Amino acid sequence: MHMEETETRQPQKRAMPEINERTEITKCRWCQDKGWLEHYHDTEWGIPCHDEQLLFEYLMLEAMSCGLSWRLMLQKRAVFRTCFADFDYQKVARFTEADIHRAMEYPGMIKSRRKIAAIISNALCFLQIQQEFGSFDRFIWDYSEGQTYIYQRHLDGEWLTKNELSDRIAADLKKRGFQFLGSTLVYSYLQSIGIINDHAPECWMFEKMGGTIIR
């Protein structure tokens with residue numbers, strides 16, 4: 001990405017702080033449900049991820065979420081983990097028609113054969129990227145040169161759902177055979193794994209995550 005001007009906000013230590021429940025803590029508005037979304041926000045969203053299996057899991061949750069809500073994905077996460085071997089991409093890549101049928105019949109599973117088949121196909125694509133780049137982590141983080149980005153447009157109050165970076169990555173993934181991963185879902189993925197820090201500036205996680213401001 002061409003960056004005309006950048007400014008780095010140094011991240012704080014990565015360990016999660018102890019929270020006193022009696023203390024008022026400012027958080028992103030979208031997560032304040034005292035349930036699935038809030039727990040995900042406080043423990044996962046935007047924390048830089050470099051674990052291969054978790055990177056695959058987040059990416060496949062985005063694929064499964066196409067046309068659905070993220071809250072539903074979190075609610076069904078345990079179901080997905082059961083159906084997709086805890087998102088072990090090596091095992092998923094070996095799934096057969098019998099595994100698709102088993103997943104379709106599993107209680108609580110989203111009954112979309114196309115999406116289930118796409119997860120298997122995506123696992124094969126994931127392995128191909130690992131073979132080419134050494135790891136999916138290296139492939140995806142090279143797009144930001146290992147940095148977490150904070151877009152000035154976000155700081156100015158603009159609500160972003162995709163941008164030039166997510167467009168580029170989505171096009172690359174599509175070229176490599178990935179399915180159900182358009183630019184909007186890829187942008188959401190980059191938020192979740194910490195490449196884009198889109199916590200509200202007043203959120204307690206924003207300064208903790210830090211990042212390089214892209215103007």
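How many of the 10 residues of helix 11 are buried? The points below take up that helix and its surroundings in a predicted model.

1. **Burial of helix 11.** The count is 8 of the 10 residues, so helix 11 is largely enclosed by the rest of the structure. The buried set consists of Ser 183, Leu 185, Val 186, Tyr 187, Tyr 189, Leu 190, Gln 191 and Ser 192.

2. **What covers it.** The cover over these buried residues includes helix 1, helix 2, helix 8 (136–141) and helix 10.

3. **Packing against helix 10.** Helix 10 spans residues 164–175 and helix 11 spans residues 183–192. They pack at an angle of about 110°, and their axes are 8 Å apart. The two helices are therefore roughly perpendicular to each other. Their crossing is right-handed.

4. **The contact residues.** Helix 10 contributes Leu 165, Ser 166, Asp 167, Ile 169, Ala 170 and Leu 173. Helix 11 contributes Ser 183, Val 186, Tyr 187 and Leu 190. By class, this contact has 7 nonpolar, 2 polar and 1 charged residues.

5. **Glu 44.** This residue sits in the loop between helix 1 (36–43) and helix 2 (52–64). Its relative accessibility is 18%, so Glu 44 counts as buried; the cut-off is under 20%. The Glu 44 side chain makes a polar contact with the side chain of Arg 77, at 2.8 Å. Neighbours within four places in sequence aside, Glu 44 is in contact with Tyr 58, Arg 77 and Ser 192. Ser 192 is also one of the buried residues of helix 11.

6. **After helix 11.** Gly 194 follows helix 11. Its phi is positive, near 95°.

Notes:
Residues numbered from 1 in each chain as written. Predicted model: local features only at pLDDT ≥ 70, side-chain atom pairs only at ≥ 80, totals over all residues. Heavy atoms only, no water. Axes fitted to C-alpha atoms, helices over the stretch in contact; angles between N-to-C directions. Helix = DSSP H or I, 4+ residues; strand = E, 2+ residues; numbered from the N terminus. Parallel < 35°, antiparallel > 145°, perpendicular 65-115°, else oblique. Left-handed = near helix turned anticlockwise from the far one by under 90°. Contact = heavy atoms within 4.5 Å. Nonpolar A, V, L, I, M, F, W, Y, C, P; charged D, E, K, R; others polar. Buried < 20%, exposed > 50% of the residue type's maximum accessible area, 1.4 Å probe, protein only. Polar contact = N/O pair within 3.5 Å; in protein donor to acceptor, adjacent residues only side chain to side chain.
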